[in-house]
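Work through these exercises with the sequence and the 3D view open. Try each task before you read its solution.

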Amino acid sequence: MTFYAENNTDRSFDFPMEEVFRRVAGEVLRTEKADFEAEVNLMIVDLDTIHEMNRDYRQIDRPTDVLSFPNLSFDSPGKFDLTESADVVDPETGEVVLGDIVICYDKVLEQAEEYGHSILREFAFLLTHSMLHLCGYDHMTEEETSVMEAKQNQILDTLKITRD
């Protein structure tokens, strides 16, 4: 699997961002039983950049913590049907390009403080949340929210990245 990470800010986390990204993304794909090699891209941006992206792509004129740009469509979450997905396969590697994740550095710090847990935990949570979006999950209804929250907790517990 290939995970590309790019930090477009002049700041860095006090943990190995790319290693955490690989661990979290890999665990989500393992949990979802993705039986293919995947590529996922991650970009870390500042508050102004994510505000602009949120406005341009979602027509919501405010900053957000994370944006997910999935390449696959799903009939139901976590049910990967790649038979008609040749356009999302990298011809050079044969990997399925699942999509892109954009995380706001400023929001990671702000929310870690707000929720009283580590910056690492908030970063891993946002990665998990976004990876589940790339796997077809959403939180538009109470039922969807419940399913997504349970999966997020399971994945972070498995990785031992807790709120403590």
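**Exercise 1. Aromatic pairs**

How many aromatic pairs does a search of the whole structure find?

Solution. The model is a predicted one. The search finds six aromatic pairs.

Start with Phe 13 and Phe 15. Their rings form a stacked pair, with 5.0 Å centre to centre and 15° between the planes. The cut-off for stacked is under 30 degrees. Both Phe 13 and Phe 15 are buried.

Next, take Tyr 57 and Phe 69. This aromatic pair is edge-to-face, at 5.2 Å centre to centre and 70° between the planes. The cut-off for edge-to-face is over 60 degrees. The pair links distant parts of the chain: Tyr 57 sits in helix H2 (residues 47-58) and Phe 69 in strand S3 (residues 66-70), twelve residues apart.

Last, look for a cluster. Ring pairs join Phe 13, Phe 15, Tyr 105 and Phe 123 into one.

**Exercise 2. Salt bridges**

How many salt bridges does the structure hold? Describe some of them.

Solution. The structure holds seven salt bridges.

Step one is helix H1. Glu 27 forms a salt bridge with Arg 30, and the closest N and O atoms are 2.4 Å apart. Both residues lie in helix H1, three residues apart, which is about one turn of the helix. Now class the partners. Glu 27 is buried because its relative accessible area is 9%. Arg 30 is exposed because its relative accessible area is 52%.

Step two is Arg 11 and Asp 10. Their salt bridge has its closest N and O atoms 3.7 Å apart. Arg 11 has a relative accessible area of 30%, so Arg 11 is partly exposed. Asp 10 has 73%, so Asp 10 is exposed. A network of salt bridges links Asp 10, Arg 11 and Asp 106.

Step three is Arg 55 with Asp 56. Here too a salt bridge forms, with the closest N and O atoms 3.7 Å apart. Arg 55 is partly exposed, with a relative accessible area of 37%. Asp 56 counts as partly exposed, at 45% relative accessibility.

**Exercise 3. Helix H5**

Check the span of helix H5 (residues 142-158) at 1.5 Å a residue. Then find which residues of H5 are buried.

Solution. First, the span. H5 has 17 residues.

Second, the buried residues. In H5 these are Met 148, Lys 151, Gln 152, Ile 155 and Leu 156. They lie on the same side of H5, because they cover an arc of only 125° around the axis.

Third, the cover. Helix H1 (17-31) and helix H4 (119-134) are among what covers the buried residues of H5.

Fourth, the other face. Turned away from the buried side, it carries the exposed residues Glu 142 and Glu 143.

Finally, step past the helix. Lys 160 follows H5 and has a positive phi, near 60°.

How values were computed. Residues are numbered from 1 along each chain as its sequence is written. This is a predicted model: local features need pLDDT of at least 70, side-chain atom pairs count only at pLDDT 80 or more; totals for chains, interfaces and linings use all residues. Side-chain values use heavy atoms; hydrogens and water are left out. Helices (H or I, at least four residues) and strands (E, at least two) are DSSP runs, numbered from the N terminus. The expected span of a helix is 1.5 Å times one less than its number of residues. Buried means under 20% relative accessible area, exposed over 50%, partly exposed in between (1.4 Å probe, protein chains only). The arc is that of the directions from the helix axis to the C-beta atoms. Contact means heavy atoms within 4.5 Å. Rings of Phe, Tyr and Trp (its six-membered ring) pair if their centres lie within 6.5 Å; planes under 30 degrees apart count as stacked, over 60 as edge-to-face and the rest as tilted. A salt bridge is a side-chain nitrogen of Lys or Arg within 4 Å of a carboxyl oxygen of Asp or Glu.
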